[in-house]
Amino acid sequence: LKLQFLYLIGSVNTTAMAAFALGKEKSDAQFKDLFCRLDTDKDGGITWNELEANIGKIDNEKAKMMMEMADVNKDDRIEYEEFNSFIDMILKAETLTRDNITQKHVDHFFGLFGVQSR
């Protein structure tokens, strides 16, 4: 599972922490934006079709792993709370928090989900 997880997230590059941290409020807002952009039908959850339309274009296996890992209650959609927990799990694995991540880290997450950051 650890190898699958590392394959899934790639490298967040913790050396980027030398740059200015965004802070919790700004990073939360950017992760909320990412969630909303993935939830294209705005029903409060990311379905397989929505996930596949983004990251599935890049790597279908990563999309499947992401859905499996993030959809904790197994209802075939990633709700906002599950999405946040998944983001926090990745941050923790990289010894990061929402308080100390940089824009470079957030951009990595957008890329992980196949979404262009703004």
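The following legends describe close-up views of a predicted model.

Local features require pLDDT of at least 70 and side-chain atom pairs count only at pLDDT 80 or more, whereas totals for chains, interfaces and linings use all residues. Residues are numbered from 1 along each chain as its sequence is written, and side-chain values use heavy atoms, with hydrogens and water left out.

**View 1. Overall arrangement of the chain.**
The chain contains six helices and two strands; helices (H or I, at least four residues) and strands (E, at least two) are DSSP runs numbered from the N terminus. Along the sequence these elements follow the pattern α-α-β-α-α-β-α-α. Of the 118 residues, 39% count as buried, where buried means under 20% relative accessible area, exposed means over 50%, and partly exposed lies in between (1.4 Å probe, protein chains only). Among contacts (heavy atoms within 4.5 Å) between residues at least 6 apart in sequence, 66% join residues at least 24 apart.

**View 2. The largest nonpolar core.**
A nonpolar core is a set of buried Ala, Val, Leu, Ile, Met, Phe, Trp, Tyr and Cys residues joined through side-chain atoms within 4.5 Å. The largest such core in this model has 25 residues. Leu34, Leu51, Phe83, Phe109 and Phe113 have the most contacts inside it. Two or more residues each come from H2, helix H3 (48-58), helix H4 (60-70), H5 and helix H6 (103-112). The most are given by H5, with five residues. When neighbours within four places in sequence are left aside, phenylalanine 109 is in contact with Phe31, Leu34, Ile87, Ile90 and Leu91.

**View 3. Packing of helix H2 against helix H5.**
Two packed helices are described by the angle between their axes and the distance between the axes. Axes are lines fitted to C-alpha atoms, for helices over the stretch in contact, and angles run from 0 to 180 degrees between N-to-C directions. H2 (residues 24-38) and H5 (residues 80-93) pack at an angle of about 125°, with their axes 11 Å apart. The two helices are therefore oblique to each other; angles under 35 degrees count as roughly parallel, over 145 as roughly antiparallel, 65 to 115 as roughly perpendicular and the rest as oblique. H2 passes H5 in a right-handed crossing; a crossing is right-handed if the near helix is turned clockwise from the far one by less than a right angle, and left-handed if anticlockwise. On the H2 side, Asp28, Phe31, Lys32, Leu34, Phe35 and Leu38 meet Tyr80, Phe83 and Ile87 of H5. This contact of H2 with H5 comprises seven nonpolar, no polar and two charged residues. In this classification Ala, Val, Leu, Ile, Met, Phe, Trp, Tyr, Cys and Pro count as nonpolar, Asp, Glu, Lys and Arg as charged, and the others, Gly among them, as polar.

**View 4. Packing of helix H4 against helix H5.**
The axes of H4 and H5 come within 9 Å and cross at roughly 110°. This angle makes H4 roughly perpendicular to H5. Met66, Met69 and Ala70 in H4 meet Glu82, Phe86 and Met89 in H5. The residues of this contact divide into five nonpolar, no polar and one charged.

**View 5. Packing of helix H2 against helix H6.**
H2 and H6 have axes that come within 11 Å and cross at roughly 15°, which makes H2 roughly parallel to H6. The crossing of H2 past H6 is right-handed. Gln30, Phe31, Asp33, Leu34 and Arg37 in H2 meet Gln103, Val106, Phe109 and Phe110 in H6. By class, the contact of H2 with H6 has five nonpolar, two polar and two charged residues.

**View 6. Surroundings of aspartate 33.**
Aspartate 33 is placed in helix H2 and counts as partly exposed, at 22% relative accessibility. Apart from its neighbours within four places in sequence, aspartate 33 is in contact with Phe110 and Arg118. The C-alpha atoms of aspartate 33 and serine 117 are separated by 9.4 Å, although these residues are 84 residues apart along the chain.

**View 7. Two loop residues with positive phi.**
Aspartate 76 has a positive phi of about 65° although it is not a glycine. Aspartate 76 is in the loop between H4 and strand E2 (77-79), and is exposed, with a relative accessible area of 58%. Threonine 95, also a residue other than glycine, has a positive phi near 50°. Threonine 95 lies in the loop between H5 and H6 and counts as exposed at 64% relative accessibility.
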